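Student: I would like to go through the terms used for this fold and see what each one rests on. Please set the values against the cut-offs as we go.

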Amino acid sequence: MILSCQNISKSFGTDEIIQNASFHIENHEKAAIVGINGAGKSTLLKIIIRELEPDDGMVTIAKEKTIGYLAQNQDTDSDRTIYEEVLSAKQTVIEMEQEIRRMESRMDSIAPSDLEPFMEKYERLVHQFELADGYTYRSEVTGVLCGLGFEEAEFNKKQKELSGGQKTRVALGRLLVTKPDILLLDEPTNHLDMESIQWLENYLLNYKGAVLLVSHDRYFLDKIVTKVIEVFQHQVRSYSGNYTDFAQKKAQIRAAQIHAYYNQQQEIKHQEEVIAKLKSFNREKSIKRAESREKMLDKIERLEKPTDDFTDIHISLEPCITSGNDVLTVDQLAKSYEGRKLFEGIHFSIFRGERVALIGNNGTGKTTILKIINDLIPADRGEISLGTNVHIGYYDQEHQVLHMDKTLFEEISDDYPQLTNTQIRNTLAAFLFTNDDVFKRIGDLSGGERGRVSLAKLMLSEANFLILDEPTNHLDITSKEILENALVHYEGTVLFVSHDRYFINKTATRILDLHEQQILNYIGNYDYYLEKKDVQRAAFNSESSSNKDTLQAAQQEKEPSGKDDWKQRKQEQAAKRKLENELNQVESRIEQLEDEKKNLETEMADPKVAVISAEVIKLHDQIQQIEEELEMLYERWEDLTNQ
């Protein structure tokens, strides 16, 4: 065990955050702390690094073990460059290298009598230098910075010139190069693009120390962690497995708790009815029996009803009108900024009912495409065409139409007077505004909070084409799941930009990858994109510049392109369902026959049956018939699974 937290409690004034939290981290273990915003996740990390003192409890770190911490936000105005800042983590190795060079320069002048001890010291130092990866530390720094999304041309930028997100990436790079025994990371993926997140996943999976991280990135958690520590209603509970395992186990536990609660409530109600009936007889014996039952009822330890934040909240999105099948066509679109070409000649179409994710590295122009579609900025070239009866609802954190003097409740109720108070509160709660939060002024909210209000309004807008730019930013996991459920059941069309791979995987039916200024099309979710990405990009990259138009045309041909292709996709979906149904029927029949065969074999092995030759022959024939049918079913099953 490398880290132990025992009975940690923490309050801020009358606001209780954590109560009697206990958990531990083993050597080399990768664990996550999860919970809704404000649950106390970051507070726990700060207590572990002793930035905050707990009210009660104790944190124990194994002897001689080092700990490193990445906070969510960095405020560094150093004159050091990006490269110098990360390289400074290797100061001990740098000093060893400098000492080795000094000793090498003195070798020729050492007296023969002093040469042996001098060389022993030199060899010890060189050995320490090798153990500290001294010959590769500069390439390690470069590799980490490139992995975190910095180009080598940026290495000489001074820290005071960087954005907050860039500073956080530099701090993460320095921490990784330091290689502490315990890494504490608070939202490490917030400012990384998808390729950088994937690089960090691989880095942490191979990290020799222990890792404890806070993250809302469920895909990241599924890849990295083997333990989940949940902070829920001031309590802490540990679950083995990744995030998906945790979510399933928690759902099972909650289902069991609810079942036990309602069973007890039913029993209590039954006993109260019996007691009332006995008392109504108004006889001495019946009254005594009623009193006896009352005493037994009083001794029952009453179970509290299990509660989950937002458990019963569901957002229903209903378009005001059904659009035509062709929702959006983008043709030969091009855009450059300050002489830098973002994209050129891109083409794609979107059809009714699709949920399309536009992905790509930071700076490739994803948000720019959304803004061009919404007439917020002009394109250099190309055309944007909307289909019949298409009504756009657009969410962009920078483009919010809110009334600063209104409360959150008024902002919703004034725009949607048909909603009840409960509906308004449920909608706001889904986006993390509960209790008295709904009476805060819009003008008093942070930028992220205003973004959440705008998203809540958009979900109620009855638009039939939602265009969303990073809709899950500033949402905790529970709110993301509510939004996912709403979009999956939405009957309109969705185009969105997101770095949240779990969200993309749950919601997208198609992915557009903005890669090297062109669009690559994948008809599937994020897992499908990962499966096909390398092959498709390799094919794209292998084409010469003169042939890239041909490849782009081939990409376009793979897209659904109008009514015929829409019908074809429907037919393909129907065929897929038919295939799945037949596969289920075959598997069910195999299971049934296996059970029958097992029962017949058990019967034939019975000593009483074994002496009756006619019965044995009959059973043997039945088993043989089953085996023949099973053989045919196994062959059919293989055919179906290979389709």
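Tutor: The turns below take up the overall dimensions, the sheets, the hairpin and the helix pairs of a predicted model.

Student: What makes up the chain, in helices and strands?

Tutor: There are 21 helices and 18 strands in the chain.

Student: How do you know how the chain compares with a compact globule of 643 residues?

Tutor: The rule puts the radius of gyration of such a globule near 26 Å, but the chain has 32 Å. Along the principal axes, the C-alpha atoms fill a box of roughly 110 × 80 × 65 Å.

Student: Why do β2 and β4 count as edges of their sheet?

Tutor: The sheet is open, has three strands in the order β2-β1-β4, and its pairing is antiparallel. β2 (15-25) and β4 (56-61) each have a single partner strand, so one side of each is left without a neighbour in the sheet. From one strand to the next, the twist averages 20 degrees.

Student: How do you know that β1 and β2 pair?

Tutor: Two strands pair if DSSP finds at least two bridges between them. Strand β1 (residues 3-12) and β2 have seven bridges, in the antiparallel sense, so they meet the cut-off of at least two. S11 stands opposite E16 in β2.

Student: Which helix lies across β1, β2 and β4?

Tutor: Helix α1 (residues 41-48) does, and it runs at about 120 degrees to β1.

Student: What is the strand order of the open sheet of six strands, and which strands are its edges?

Tutor: The order is β5-β6-β7-β3-β8-β9, with mixed pairing. β5 (67-70) and β9 (235-240) are the edge strands, as each pairs on one side only. The twist in this sheet averages 15 degrees from one strand to the next.

Student: What makes β3 and β8 a pair?

Tutor: Strand β3 (residues 30-34) and strand β8 (residues 227-232) are joined over four bridges in the parallel sense, and the cut-off is at least two bridges. A32 has V228 as its bridge partner in β8. On this sheet packs α6, which touches β5 and β6 (182-186) and whose direction makes about 170 degrees with that of β5.

Student: Which strands does β10 pair with, and in what sense?

Tutor: Strand β10 (residues 326-337) is joined by eight bridges to strand β11 (residues 340-351), and the two run antiparallel. Five bridges join β10 to strand β13 (residues 381-386), again antiparallel.

Student: What lies between β10 and β11 in their hairpin?

Tutor: Two residues lie between the strands, and E338 in the turn has a positive phi of about 50 degrees.

Student: What makes α9 roughly antiparallel to α10?

Tutor: The axes of helix α9 (residues 243-281) and helix α10 (residues 284-299) cross at roughly 155 degrees and come within 8 Å. The cut-off is over 145 degrees, and therefore α9 is roughly antiparallel to α10. The crossing is left-handed. Among the contact residues are I268, I275 and F281 of α9 and I287, R293 and L297 of α10. The contact has eight nonpolar, two polar and five charged residues.

Student: How do you know whether α6 and α7 are roughly parallel or antiparallel?

Tutor: Their axes come within 12 Å and cross at roughly 20 degrees, α7 being residues 194-205. Angles under 35 degrees count as roughly parallel, so α6 and α7 are roughly parallel to each other. The crossing is left-handed. L172, L176 and V177 of α6 touch W199, L200, Y203 and L204 of α7. These residues divide into seven nonpolar, no polar and no charged.

Note on methods:
Residues are numbered from 1 along each chain as its sequence is written. This is a predicted model: local features need pLDDT of at least 70, side-chain atom pairs count only at pLDDT 80 or more; totals for chains, interfaces and linings use all residues. Side-chain values use heavy atoms; hydrogens and water are left out. The radius of gyration is taken over C-alpha atoms; the globule rule is 2.2 Å times the number of residues to the power 0.38. Axes are lines fitted to C-alpha atoms, for helices over the stretch in contact, and angles run from 0 to 180 degrees between N-to-C directions. Angles under 35 degrees count as roughly parallel, over 145 as roughly antiparallel, 65 to 115 as roughly perpendicular and the rest as oblique. A crossing is left-handed if the near helix is turned anticlockwise from the far one by less than a right angle, and right-handed if clockwise. Contact means heavy atoms within 4.5 Å. Ala, Val, Leu, Ile, Met, Phe, Trp, Tyr, Cys and Pro count as nonpolar, Asp, Glu, Lys and Arg as charged, and the others, Gly among them, as polar.
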